[in-house]
Protein chains: 2
Amino acid sequence: MIENVVIIGSGNLATQLALALTGKGIQVKQVFSRTLDSAKELAQKVNAEFTNDLSGLMTDADLYIISVKDSAIEEVLQNLSLNKNCLIVHTAGSISMDILSRYTNNYGVFYPLQSFSKSRKANFSKIPICIEANNTSSLQKLQDLAETLSPSVQLVDSDQRKNLHLAAVFVNNFVNHLYVIGSEILQDKNLNFNLLKPMILETALKVESLSPIVAQTGPAIRNDQSVIGAQLKLLQKFPEFQKIYSFVTESIYHIHQKQPNDLL
Amino acid sequence: MIENVVIIGSGNLATQLALALTGKGIQVKQVFSRTLDSAKELAQKVNAEFTNDLSGLMTDADLYIISVKDSAIEEVLQNLSLNKNCLIVHTAGSISMDILSRYTNNYGVFYPLQSFSKSRKANFSKIPICIEANNTSSLQKLQDLAETLSPSVQLVDSDQRKNLHLAAVFVNNFVNHLYVIGSEILQDKNLNFNLLKPMILETALKVESLSPIVAQTGPAIRNDQSVIGAQLKLLQKFPEFQKIYSFVTESIYHIHQKQPNDLL
């Protein structure tokens with residue numbers, strides 16, 4: 001059973017995870033960050049020790065959570081000096097579990113599927129946690145830990161997780177960029193972004209109960225060339241947005257052509 | 001003061017508007033639809049008469065609301081036989097107010113900015129209503145009517161409204177398509193779309209309080225070529241999604257390059 005952890009990293013996910021674990025009575029013993037100030041800032045929030053020296057990590061934690069940017073994981077691993085039976089996980093969507101195999105006998109992945117900010121408190125009871133491990137006892141420990149945080153714990157292998165992360169890029173990063181485009185179009189006409197907020201929320205709420213393919217509306221699915229043509233023209237001063245408009249419009253039309261009628 | 005209306009159309013917006021007006025004590029006297037059954041279906045919900053004959057419209061309503069698809073507006077207008085002082089509006093984002101000028105002396109636009117379904121009851125108290133009219137007295141009437149439905153009533157001219165509609169296509173239709181893409185990617189790996197729902201909602205909620213340009217995260221804004229390359233490869237079996245991925249990724253990177261640092 002995992003009663004305490006060391007958190008390696010102090011970014012958005014590391015921060016929210018440390019706060020959530022502490023809230024559930026799991027002790028964060030120590031926080032590592034390359035920047036001592038960042039380590040200290042997070043450590044103080046969860047009443048932990050802190051360090052910027054990987055070789056100085058406590059060696060007796062039940063779990064080591066590596067939550068740093070993807071490209072820094074390997075370097076962190078190379079600099080750890082833990083015993084070979086320590087349980088180590090990373091939290092990265094796009095990185096295989098196997099990256100950990102050379103460094104310990106017990107490893108896995110702990111991937112909460114949400115977009116985290118330092119400033120917005122994450123509600124883990126609404127966040128699916130995707131876990132994977134290289135052996136049953138590690139998996140059981142991670143599952144128990146995940147279940148203390150969230151009712152939605154999923155066993156997800158590395159290939160599935162990469163695809164989840166890819167889907168997340170579409171529904172989070174790319175969706176947010178469409179919000180940016182909307183706000184740029186409005187700003188150009190002195191209109192307030194607030195006007196779009198009810199629609200943004202409704203669009204997200206609609207797919208809680210309807211599948212997105214059924215929820216689709218608009219000129220693209222109707223292949224309404226007069227609106228599409230006029231809107232492409234309105235976008236003349238935003239050539240990149242115009243390109244996105246064309247490709248997404250085409251893609252909407254094609255995917256709905258492919259659907260059997262009873263889905264629409 | 002507008003005490004009663006005739007609704008021309010029986011689609012999603014016509015339906016929700018008829019219900020909302022009735023709920024506020026504005027009488028829907030009559031519903032027109034080309035299909036008599038559709039006219040009847042909506043008319044029964046709001047205790048109105050119905051017709052599929054434009055020349056048989058009641059001539060004494062305070063307001064005529066044309067809520068049909070864009071391409072059908074002109075044809076509806078040509079077949080009306082109302083007196084020249086009737087107040088007529090359309091509800092279309094992309095159509096100029098001037099389309100109405102040949103048919104009456106009092107006209108305008110009544111454009112609720114939301115995505116409507118027949119089956120989801122619209123909450124007009126959360127929906128911005130954009131209005132425009134060709135004279136002050138018509139504008140005042142439309143404003144009073146809009147204010148009975150919503151606290152957010154905006155005077156928006158035809159050019160602004162077209163841009164609002166364009167922005168709405170991005171933040172509603174296109175966003176929904178990204179949800180479709182997310183669900184296709186998951187389906188291909190036997191993963192449930194439910195996994196993405198908390199993230200979808202959080203992404204929408206985040207821009208209630210943060211501007212979208214500040215809320216952006218992910219591999220594109222970091223120009224993380226190793227993740228971007230791997231994700232493009234994962235998309236090999238979905239060439240259209242791959243194209244969208246590339247263009248949106250580029251656009252995210254470029255727009256953030258252009259922002260002054262203090263915005264980020």
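## A pair of helices in chain B

Helix 9 of chain B passes helix 10 of chain B in a right-handed crossing. Keep in mind as you look around that this is a predicted model. The two helices, helix 9 and helix 10 of chain B, pack with their axes 9 Å apart, at an angle of about 160 degrees. Angles over 145 degrees count as roughly antiparallel, and that makes helix 9 of chain B roughly antiparallel to helix 10 of chain B.

To find the meeting point, look for Ile228(B), Gln231(B) and Leu232(B) in helix 9, which meet Gln242(B), Tyr245(B), Ser246(B) and Thr249(B) in helix 10. This contact has 3 nonpolar and 4 polar residues, with no charged ones.

## Where the chains meet

Now for the two chains together: 73 residues of chain A are in contact with 73 residues of chain B. On chain B, at least two residues of the touching side come from each of helices 5, 6, 7, 8, 9 and 10. Helix 5 of chain B gives the largest share, 24 residues. Sorted by class, the side of chain B that touches chain A has 40 nonpolar, 22 polar and 11 charged residues.

## Helix 6 against helix 6

Chain A contributes Lys197(A), Ile200(A), Leu201(A), Ala204(A), Val207(A) and Glu208(A) to the contact, and chain B contributes Lys197(B), Ile200(B), Leu201(B), Ala204(B), Val207(B) and Glu208(B).

Conventions:
Residues numbered from 1 in each chain as written. Chains lettered and ligands numbered in written order. Predicted model: local features only at pLDDT ≥ 70, side-chain atom pairs only at ≥ 80, totals over all residues. Contact = placed C-beta atoms within 7 Å. Helix = DSSP H or I, 4+ residues; strand = E, 2+ residues; numbered from the N terminus. Nonpolar A, V, L, I, M, F, W, Y, C, P; charged D, E, K, R; others polar. Axes fitted to C-alpha atoms, helices over the stretch in contact; angles between N-to-C directions. Parallel < 35°, antiparallel > 145°, perpendicular 65-115°, else oblique. Left-handed = near helix turned anticlockwise from the far one by under 90°.
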